Amino acid sequence: MNVTNTPVKGWRQDNTTKSLSEVHGSVSVPANAGFFRTLMAYAGPGMMVAVGYMDPGNWATDIAGGARFGYRLLSVVLISNLFAILLQHLALKLGIATGRDLAQACRDHYSKPVAIGLWILAEIAIAATDLAEVIGSAIALNLLFGLPLTVGILITAADVLLLLFLQNKGFQTIERIVASLIFLIIACFGYELIVSRPDMGAVVNGMIPHSEVMTNPSMLYIAIGILGATVMPHNLYLHSSIVQTRDYPRTDPGRKTAIRFATIDSTVSLFLAFFINAAILVLSAAAFHFSGNQTVADITDAHRLLDPILGVKLAGILFAVALLASGQNSTLTGTLSGQIVMEGFLSLRLKPWLRRLITRLIAIVPALIVASLYGEHGTSELLVFSQVILSLQLSFAVVPLVIFTGDKLKMGRFVNPGWLKITAWVVAGLIIGLNAYLLWDTARTWL
C-alpha cells in the first residue's frame with residue numbers, strides 16, 4: 001500500500017495509529033481505471049452510513065408525521081437529508097485528508113479532560129443508538145413471529161457474534177450485506193407504495209416547503225423531531241473511519257480522487273435513505289391520514305392497521321420485514337462505531353468481540369428491564385427517549401467536525417472553502433438550535 005505520513009503541521013502529534021487498523025487500506029482501488037469501475041471500488045461506506053438515517057428510531061416520527069399531516073412534512077424530510085449529505089461529506093473529507101477519524105482528531109486537538117468528556121458523550125450516544133436498534137428488532141420479531149419482546153431482545157445479542165464472523169470475511173462482505181438489506185427495505189416499501197396508491201401530485205407538492213410548518217405548533221413539533229434526528233452522531237465518527245478502508249494513494253492527488261468518489265458514494269446512498277424515510281411518511285399518510293386514523297404514531301399500531309386499511313395481506317408482513325432489516329443493518333454499523341470511538345479517543349484496543357458485547361449489553365439491560373415491567377408501551381417510550389439522548393449529544397460531534405474541516409493547518413489544500421464554511425456553520429447552528437428546543441420541550445412535557 002502506498003502510504004505517505006500525514007504532516008504533523010496543524011496537529012499536536014503525528015498520527016501513528018490507523019483507524020480500524022485490521023481493515024485499514026484493505027479494499028483495493030484500481031489504478032487508471034474508468035469512472036464506473038473506480039466508483040464501484042469506493043462504493044460501500046456510504047451505504048453503511050445511510051442505514052443510520054433509516055434506523056427504527058426514525059420510524060415513529062415519520063409515521064406520526066404522515067398520519068397527522070399527510071404529505072405536508074415531506075419537505076422537512078428532504079431538507080433533513082440535504083443537511084445529512086453536507087455533514088457526511090465533511091466527515092469523509094476529514095478522514096481522507098488527514099488520515100484521522102473524528103475521534104482521533106478530537107483526542108489530538110482537545111485537552112485530555114475534554115477529550116475524555118467527548119468520549120463519554122459519544123459512548124452514551126452509541127448506547128442510545130444501539131438501544132433503538134435492539135428495540136426495533138425485538139418489535140419486528142414480535143410482529144413477524146409473535147415472540148415476546150424480552151425474547152426478541154435476547155436474540156439480538158447474537159448480532160455480536162455475527163458481526164465478528166463477517167468482519168473476518170473481509171470488510172466488503174459487511175458492506176454487501178448492508179447494501180442487500182437496504183435494497184430489501186426499498187423493495188418492501190416499493191410494494192407498500194404501490195398498494196397504498198398515494199396521490200403523486202400531493203406527494204410532489206409536499207416536497208415544497210410551506211409556511212404552515214412554522215405557524216402550526218403541532219406540525220412544527222413533529223418537524224423539529226424529524227430535523228432533530230437528522231444526523232446520527234455515531235455516523236460522523238463511522239464515516240471518517242471507514243472511508244480509510246480503501247487503498248487509495250496517500251498523496252494529495254490520491255486523496256482528491258478518494259474524496260470525489262467517496263462523496264458520490266455517500267450522496268447516492270443518502271438519497272436512498274431519503275427514499276425510505278419519505279416512503280414511510282407517504283405510506284402513513286396514504287394509509288392512515290386519509291382514512292380517519294390520524295392518531296397513529298406507534299410502529300405496532302401502524303403494522304396492525306395496514307392490512308385491513310389497504311385490503312392486502314402482505315402489507316403488514318413486509319412492513320415488519322423492513323423494520324427487522326433496518327434494525328439489523330443499524331446494529332452492524334453501531335457496533336463498528338463503538339470500536340472506532342473507543343480506539344480513537346482512548347487509543348485503547350479491546351478484542352472486537354468484547355467491545356461489541358459491552359456495547360450490546362449496555363443496550364440490552366435497560367431494554368429488558370423496561371420490556372419486562374412495562375411491555376410494548378414502555379419500549380415505545382424508551383425508543384423515544386433514546387432519540388432524545390442522541391439529540392443531546394449531537395452538537396458535541398458536529399461542532400468539532402465543522403471546526404476541523406475549516407482549519408487550513410489541519411486540512412491543508414482540502415480545507416473547506418469560504419462558502420462551505422458558512423453553510424456548515426449555518427446547518428450546525430440550525431441542528432443544534434432545533435435539538436435544544438426539542439430537548440427543552442420534551443423536558444417540559446415530562447416535568
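**Contacts and burial**

Analyst: Begin with contacts, meaning heavy atoms within 4.5 Å. Leaving aside neighbours within four places in sequence, glutamine 244 is in contact with Ser19, His24, Gly25, Gly95, Gly99, Arg100, Asp101 and Arg250. The model is predicted: local features need pLDDT of at least 70 and side-chain atom pairs pLDDT 80 or more, while totals for chains, interfaces and linings use all residues. Residues are numbered from 1 along each chain as its sequence is written, and side-chain values use heavy atoms, without hydrogens and water.

User: Is glutamine 244 buried or exposed?

Analyst: Buried means under 20% relative accessible area, exposed over 50%, and partly exposed in between (1.4 Å probe, protein chains only). Glutamine 244 has 1%, so it counts as buried.

User: Which polar contact joins the side chain of glutamine 244 to another side chain?

Analyst: A polar contact is a pair of N or O atoms within 3.5 Å; within protein, one must be able to donate a hydrogen and the other to accept it, and residues adjacent in sequence count only if both atoms are side-chain atoms. The side chain of glutamine 244 makes one of 3.4 Å with that of histidine 24. A polar atom of the glutamine 244 side chain also lies 2.9 Å from the backbone oxygen of serine 240.

User: How many residues of helix 13 are buried?

Analyst: Helices are DSSP runs (H or I, at least four residues), numbered from the N terminus. In helix 13 (residues 233–242), 10 of 10 residues are buried, including Ser240.

Methods: Helices (H or I, at least four residues) and strands (E, at least two) are DSSP runs, numbered from the N terminus.
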